Amino acid sequence: MTLPSISQSPVEHGFVQNPYTFYRRARAMGPVVYWEEYGKPCTVSHGLVNSILRDLRWGREVPPENTVPTPPHIQAFMDVEQNSMLELEPPRHTRLRGLVTRAFSTKAIQRLDPFIAELSNSLIDGFSGDRIDLLTAYAEKIPVLTIARMLGVPADMSDQLLDWSHRMVGMYQANRDRAIEDAAADASREFAAYIGTFIDKRRREPDDDLITALIAAEENGQKLSRPELVSTCILLLNAGHEATVHAIGNGVKTLMECGTKPASLVRPEVIDATVEETLRFDPPLHMFDRYAYEDIELAGHMFRRGDRIALLLAAANRDPEAFSDPDVFAPDRDARKQLTFGAGTHFCVGSGLAKLEIKRALETLFKRLPDLRRTEPPIYANRYHFHGLQRLMVTT
Ligand code: HEM
């Protein structure tokens, strides 16, 4: 069967501000549609997104017959990607992920709780002037300082980490060009060199941090190789803050717009459900691809080995078959089956840490500043690969 075709520019202003209207339009055409501008099928169905994420016949790693030679100018970026668990499938993925999750224990995350709460409070203490951009003064600072602390990277490197990371994730942009590719390759080279030096230092002087734990981690007598260690640290530093910044920003916006006093939604009895629902309602990452590793029939369409499908996580979170009144923000609902962190093999390693950061960020902000008001309507940045605000101007 030929899939119904849908047209939508991913950089059109109206779409970037509210992609959910497009998802509704796509859903009315069927569970799988062909998105013309991306040139690939995509699914908005919660059931399909969830099952494909858990199905080993689909994966992120590029099948050998689909690989194309790497253009030399992006080699440095690919060197990092090729050793990143996010871009691999079992058996290499299993080994890398096993080594990381062990070092990334629930206990290690819990140990960061007082740090995150104190950090949130000290950032609020530093708010000055009558108009504050919550994105740069608050939402951006908490994740980068927390992941740097967890890995053991000095806090005064945080601006540099943000710069490297922003340049690298530019590669996922819909309108990527040569300048973006050159910037990403330069950033990858500099970032890898910095992490390499830092790893050498921790080998000489071990500390109580994640980099030291990763150096020591071993599975079946195998350790992470040096390129794997470098890629894993970069992955954790980048994945560890890029999405969480926008999850906090989108969460603050949602609570300020929902019609209920935010302070009442961050009380200890309800905060966990509030966080879960903000993550369902307006997540920061909307699209992830999978390759078919064999011929698979789906929604009446035959996918051949090597074909791609885009999984629209944010659309799945608004599927009426999974959530009643999905376009309503309802913090008292059970939103735990939201797919914001994915599912299956690549389920987000940092979901526990991200939820803790969002929880402390929202709680501290609205407890300390219950009368917080926006001074201008928030606008989403024109960047579909991260659905997040350009700025969030508020007054206390
Ligand atoms: C709200 C914030 C976050 C969101 C929405 C998010 C979302 C995701 C999603 C959807 C995936 C799976 C991608 C796929 O299946 O193709 C993923 C994977 C991953 N995330 Fe997150 N993430 C967040 C925060 C974090 C944090 C704080 C960390 C680390 C400290 C982290 C580390 C990772 C890693 C290492 C992977 C790769 C796992 C694998 O390939 O097995 N993430 N994340």
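With a relative accessibility of 35%, Ala-299 counts as partly exposed, a class that lies between buried (under 20% relative accessible area) and exposed (over 50%), as judged with a 1.4 Å probe on protein chains only. The model is a predicted one, in which local features need pLDDT of at least 70 and side-chain atom pairs count only at pLDDT 80 or more, while totals for chains, interfaces and linings use all residues. Residues are numbered from 1 along each chain as its sequence is written, and side-chain values use heavy atoms, with hydrogens and water left out.

Ala-299 sits in the loop between β9 (296–298) and β10 (301–303), where helices (H or I, at least four residues) and strands (E, at least two) are DSSP runs numbered from the N terminus. Although Ala-299 is not a glycine, its phi is positive, at about 50°. Asp-325, which is not a glycine either, has a positive phi of about 40°; this residue belongs to the loop between α17 and α18 and, at 57% relative accessibility, counts as exposed. Most residues other than glycine have a negative phi, and most peptide bonds are trans. The bond from Pro-90 to Pro-91 is cis, with omega near 10°, and Pro-91 lies in the loop between α4 and α5 (92–103).

## The six-stranded sheet

Six strands form an open sheet with mixed pairing, in the order β1-β2-β3-β11-β8-β4, where two strands pair if DSSP finds at least two bridges between them. At its edges stand β1 (5–6) and β4 (58–59), each of which pairs on one side only. Two bridges join β1 to β2 in the parallel sense, and the bridge partner of Ser-5 in β2 is Tyr-34.

The pairing of β2 with β3 is antiparallel and rests on four bridges, with Val-33 standing opposite Cys-42 of β3. These two strands form a hairpin with four residues between them, in which Gly-39 takes a positive phi near 65°. Further along the sheet, strand β8 (residues 287–292) runs antiparallel to strand β11 (residues 308–312), to which five bridges join it; Asp-289 has Ala-310 of β11 as its bridge partner.

Helix α3 (residues 46–53) lies across β2 (32–35), β3 (40–43), β4, β8 and β11, running at about 120° to β11; contact here means heavy atoms within 4.5 Å, and the angle, on a scale from 0 to 180 degrees, is taken between N-to-C directions of lines fitted to C-alpha atoms, for helices over the stretch in contact. Buried residues of α3 are His-46, Leu-48, Val-49, Ile-52 and Leu-53. The N-terminal end of α3 is capped by Ser-45, a side-chain oxygen of which lies 3.3 Å from the backbone nitrogen of Gly-47.

Helix α11 (residues 178–204) has 27 residues, which at 1.5 Å a residue should span 39 Å, and its end C-alpha atoms are 39 Å apart, in agreement; the expected span is 1.5 Å times one less than the number of residues. Where α11 starts, a side-chain oxygen of Asp-177 comes to within 3.2 Å of the backbone nitrogen of Ala-179.

## The surroundings of Arg-60

Arg-60 is placed in the loop between β4 and α4 (75–81), and it counts as buried, at 14% relative accessibility. Its side chain makes a polar contact with the side chain of Glu-87 at 3.0 Å, a term that stands for a pair of N or O atoms within 3.5 Å; within protein, one must be able to donate a hydrogen and the other to accept it, and residues adjacent in sequence count only if both atoms are side-chain atoms. A polar atom of the Arg-60 side chain also lies 2.7 Å from the backbone oxygen of Leu-86. When residues up to four places away in sequence are not counted, the residues that Arg-60 touches include Phe-288, Asp-289, Arg-290 and Tyr-291.

## The iron site

Which protein residue supplies the single donor to the iron atom of the ligand? The donor is the SG atom of Cys-348, 2.3 Å away; donors are N, O and S atoms within 2.8 Å of the metal (3.2 Å for Na, K and Ca), and, as water is not among the atoms, sites may look incomplete. Cys-348 is found in the loop between α17 (313–316) and α18 (351–368).

## The three-stranded sheet

Another open sheet has three strands in the order β5-β15-β12, with antiparallel pairing. The edge strands β5 (132–133) and β12 (373–374) each have a single partner strand, so one side of each is left without a neighbour in the sheet. Two bridges join β5 to strand β15 (residues 393–395), and Asp-133 has Met-393 of β15 as its bridge partner.
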